[in-house]
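Here is a note for a colleague who is new to reading models. Please keep the structure open beside the text and find each residue as it comes up.

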Amino acid sequence: MPVIDLAQVDLRALTPDQLDWKKFVLPVDHPMRVIRIEKVVANIGVGQSGERLEKAAKVLEELTQQEPSYRLAKRSIKDWNIRKGEPIGVAVTLRRNKAVWFLLRTLAAVDFTLRENSFDDWGNVAFGIREHIMIPGTKYDPSVGVWGLNVVTVLARPGLRVMYRRRARYDVGKEQRVSKAEAMKFFQEVLGVKIIK
């Protein structure tokens with residue numbers, strides 16, 4: 001049974017304040033084994049800097065209500081007129097209520113259906129949206145155009161922060177990471193997503 005009843009919720013009018021990210025967990029017998037949404041990353045790769053990149057940044061800011069960060073080219077590609085260090089994409093990292101709010105809206109754009117190969121072995125789930133205007137509550141602006149975007153969700157258990165903190169950093173055991181089967185179970189039971197092969 002999903003945490004939120006989507007039949008009674010209008011995703012167009014839903015705001016992050018109306019959600020409690022702590023409820024979106026897969027319950028288990030031990031508090032350190034609970035699976036939750038760590039973060040959601042939305043990304044638009046433009047492939048060039050300039051006016052198109054600014055439009056993509058504007059779209060991402062409207063969708064997420066958060067200022068995007070610019071992603072730089074890792075190397076120069078002469079055929080595509082890309083120089084190393086040139087901004088060619090925009091991304092936004094969302095956490096807590098905003099992450100759950102944005103994930104629900106983007107899943108609605110794909111009819112709460114994901115492919116099995118969208119899940120990796122470490123609790124990450126990635127899917128794409130062809131047109132951003134498919135997301136509920138988004139209006140078409142002719143001056144900006146239509147953009148596609150990638151959405152990546154990272155699922156984690158408590159304690160994953162040990163891998164990324166600055167001081168006293170340690171590896172986390174394989175048992176503490178989220179497996180592919182657990183990630184699929186989380187999306188099916190907590191978010192009501194249908195998984196197809």
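Which residue follows α2, and what is its phi? α2 is followed by D111, and the phi of D111 is positive, near 60 degrees.

1. **Ground rules.** The model is predicted: local features need pLDDT of at least 70, side-chain atom pairs count only at pLDDT 80 or more, and totals for chains, interfaces and linings use all residues. Residues are numbered from 1 along each chain as its sequence is written, and side-chain values use heavy atoms, with hydrogens and water left out.

2. **Helix α2.** Start with the helix at residues 96-109. Helices here are DSSP runs of H or I with at least four residues, strands are runs of E with at least two, and both are numbered from the N terminus. α2 has 14 residues. From first C-alpha to last, α2 reaches 21 Å, close to the 20 Å expected at 1.5 Å a residue. The expected span is 1.5 Å times one less than the number of residues.

3. **Burial of α2.** Is α2 largely enclosed or largely open? Of its 14 residues, 11 are buried, so α2 is largely enclosed by the rest of the structure. Buried means under 20% relative accessible area, exposed means over 50%, and partly exposed lies in between (1.4 Å probe, protein chains only). Among the buried residues are W101, F102, L103 and L104. R105 and T106 are buried too.

4. **Two positive phi values.** Most residues other than glycine have a negative phi. R96 is not a glycine, yet its phi is positive, about 55 degrees. R96 sits in helix α2. R96 is exposed, with a relative accessible area of 52%. D111 is not a glycine either, and its phi is about 60 degrees. D111 lies in the loop between α2 and β5. At 62% relative accessibility, D111 counts as exposed.

5. **The largest pocket.** How much space lies in the largest pocket? About 300 Å³. Of its 18 lining residues, the closest to the centre are E38, K39, V154, L160 and Y164. β2 (35-45) and β7 (149-156) are the elements that give two or more residues to this lining. The lining divides into 7 nonpolar, 3 polar and 8 charged residues. Ala, Val, Leu, Ile, Met, Phe, Trp, Tyr, Cys and Pro count as nonpolar, Asp, Glu, Lys and Arg as charged, and the others, Gly among them, as polar.

6. **How space is found.** Rolling a probe the size of a water molecule over the atoms shows where empty space is left. On a 1 Å grid over the protein atoms alone, a cavity is a set of points where a 1.4 Å probe fits but cannot get out; a pocket is an open set with protein on both sides within 12 Å along at least five of seven lines; lining residues have an atom within 4 Å of a point. Grid points are joined across faces, edges and corners, and a volume is the space filled by probe spheres set on the points.

7. **Cavities.** The structure holds 2 cavities of 30 Å³ or more. V59, E62, H132, K139, D141, V144 and G145 line it. The second largest cavity has about 30 Å³. Its lining is W21, F24, R36, I37, R96 and V100. The lining has 4 nonpolar, no polar and 2 charged residues.

8. **Strand β6.** Residues 124-129 form β6. V125, F127 and I129 are on its covered face, while N124, A126 and G128 are on the uncovered one. β6 and β7 run antiparallel, joined by 6 bridges. Strands pair if DSSP finds at least two bridges between them. The partner of V125 in β7 is T153.

9. **Aromatic rings.** There are 2 aromatic pairs. F119 and F187 are edge-to-face, 5.6 Å centre to centre, with 90 degrees between the planes. This pair links distant parts of the chain, 68 residues apart: F119 in the loop between β5 (113-115) and β6, F187 in helix α3 (residues 180-189). The rings of F186 and F187 have centres 6.0 Å apart and planes at 65 degrees, so this pair is edge-to-face. Rings of Phe, Tyr and Trp (its six-membered ring) pair if their centres lie within 6.5 Å; planes under 30 degrees apart are stacked, over 60 edge-to-face, and the rest tilted. F119 and F187 are both buried. Ring pairs link F119, F186 and F187 into a cluster.
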